[in-house]
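Hi,

Here is the structure I promised to pass on. Have a look at it first, and then read on for what turned up.

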Amino acid sequence: MGSHEQPAAVSRRAFAGGSAAFAMSAAVGATVGHRGAAAEGDPLPSWNDGSAKQAILDFVAAVTTEGGSGFVAPSDRIAVFDNDGTLWTEQPVYSQALFAVGEVKRLAPEHPEWVGQEPWDAVISGDPARMSKLSEADIANVLASATTGMTTDQFAENVANWFAVAQHPVQKRPYGQTTYQPQLELLDYLEANGFATWIVSGGGVDFMRVFAEDVYGIPPERVIGSSTAVDWEMTDAGPVLIKQPKLGSYNDKTGKPINIHLAIGKRPIFAFGNSDGDKEMLEYTAAGDGARLMLLVHHDDAAREAAYDRGSHIGGLDAAWDEAVEKGWTVVSMKDDWATIFPG
Ligand SMILES: [Mg+2]
């Protein structure tokens, strides 16, 4: 904790962006990571033997054993996953923030009014010292100016183009390969056992929808996230939705169970998160009847990824950790429970 360069205090609200439509670029498919192929006999080969892996295996056995006391009908096997810090890396800063900053720089030549004007000029400069002096509202304005005011289709195309070529600054690999290999195996394992897996993230819903299917095998209609407001507009070419520089839904903390209710209409039986933003989603999952499993990733592996928890302004894990200990939720140690971190 505290050892990571954080270029700017980019909050989720600052870039909670997205659009209702998505257009998949063919280029995305060519760059994404490979999902895990389970070793013979072990559905979770990148999970070390231990209490966390055993809790998952026991839970899946319980809910899929017909006639058993923990049996759950396949249609009720709902598993929800946070994205940032749970399915892929969120350090040194949320990947969506890096996308948005990249868009400001890419679009700057078309916006001479930005150049030499703060706060745009600080972002365009890429100078962390200058960016760190910006307020959250300034950052939100800059990022909104490069990621809203366009059709939802255009936004999706911009995301796809970025995703096809961008490299993560720390991991030095495409963003599609900054996913966690143990989690890719877990998604496959749950799907193979009749679960429907969902993403429930504070990140932008239309940002994630562009790549979630290729990267995680989760189709866009099973992605819940934060959104910007969109307006309907009839043009000569037909109706379009225009992204507005205004928050639609903020899908974090209490927003997660609220949007789970709206979008899924069922209470999950399995929830996996990594930060205090997931606390209410895990509480909501835990409060149902029958077999339940609640898990948190603990980022305690500075050598292979990052070590942060209490006090981190990206993915802070504090109250949810205390609650996990108190209630017996499963805390997954990245260092001890995961044999590998990223896809090979
Ligand atoms: Mg998270």
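How many bridges join β1 to β2, and do the two run parallel or antiparallel? Four bridges join them, and the strands run parallel. Before going further, two notes on how to read this. Residues are numbered from 1 along each chain as its sequence is written. The model is predicted, so local features need pLDDT of at least 70 and side-chain atom pairs count only at pLDDT 80 or more, while totals for chains, interfaces and linings use all residues. Helices (H or I, at least four residues) and strands (E, at least two) are DSSP runs, numbered from the N terminus. Strands pair if DSSP finds at least two bridges between them.

**Around β1**

**Helix α12**

α12 covers residues 255–263, and its buried residues are Lys 256, Pro 257, Asn 259 and Ile 260. They lie on the same side of the helix because they cover an arc of only 165 degrees around the axis (the arc is that of the directions from the helix axis to the C-beta atoms). The buried residues pack against β1 (78–81), β2 (196–204), β3 (223–226) and α13 (279–286), where contact means C-beta atoms, placed from the backbone, within 7 Å. The face turned away from the buried side carries the exposed residues His 261 and Leu 262. Just after the helix, Gly 265 takes a positive phi of about 75 degrees.

Lys 253 has a positive phi of about 55 degrees although it is not a glycine, and it is partly exposed, with 16 other C-beta atoms within 10 Å.

**The α4–α7 pair**

Helix α4 (residues 95–107) and helix α7 (residues 136–147) pack at an angle of about 65 degrees, with their axes 8 Å apart. Axes are lines fitted to C-alpha atoms, for helices over the stretch in contact, and angles run from 0 to 180 degrees between N-to-C directions. The two helices are therefore roughly perpendicular (the class for 65 to 115 degrees). The contact is made by Ala 100, Glu 103, Val 104 and Leu 107 of α4 and by Val 142, Leu 143, Ala 146 and Thr 147 of α7.

**Backbone points to check by eye**

- The peptide bond from Gln 91 to Pro 92 is cis, with omega near 5 degrees; Pro 92 lies in the loop between β1 and α4.
- The bond from Glu 118 to Pro 119 is cis, with omega near 5 degrees; Pro 119 is in the loop between α4 and α5 (120–125).
- Lys 172, not a glycine, has a positive phi of about 55 degrees. Lys 172 lies in the loop between α8 (152–165) and α9 (181–192) and is exposed, with 8 other C-beta atoms within 10 Å.

Best wishes

Terms used
A residue is buried if 20 or more other C-beta atoms lie within 10 Å of its own, exposed if 12 or fewer, and partly exposed in between; C-beta atoms are placed from the backbone. Two residues are in contact if their C-beta atoms, placed from the backbone, lie within 7 Å. Angles under 35 degrees count as roughly parallel, over 145 as roughly antiparallel, 65 to 115 as roughly perpendicular and the rest as oblique.
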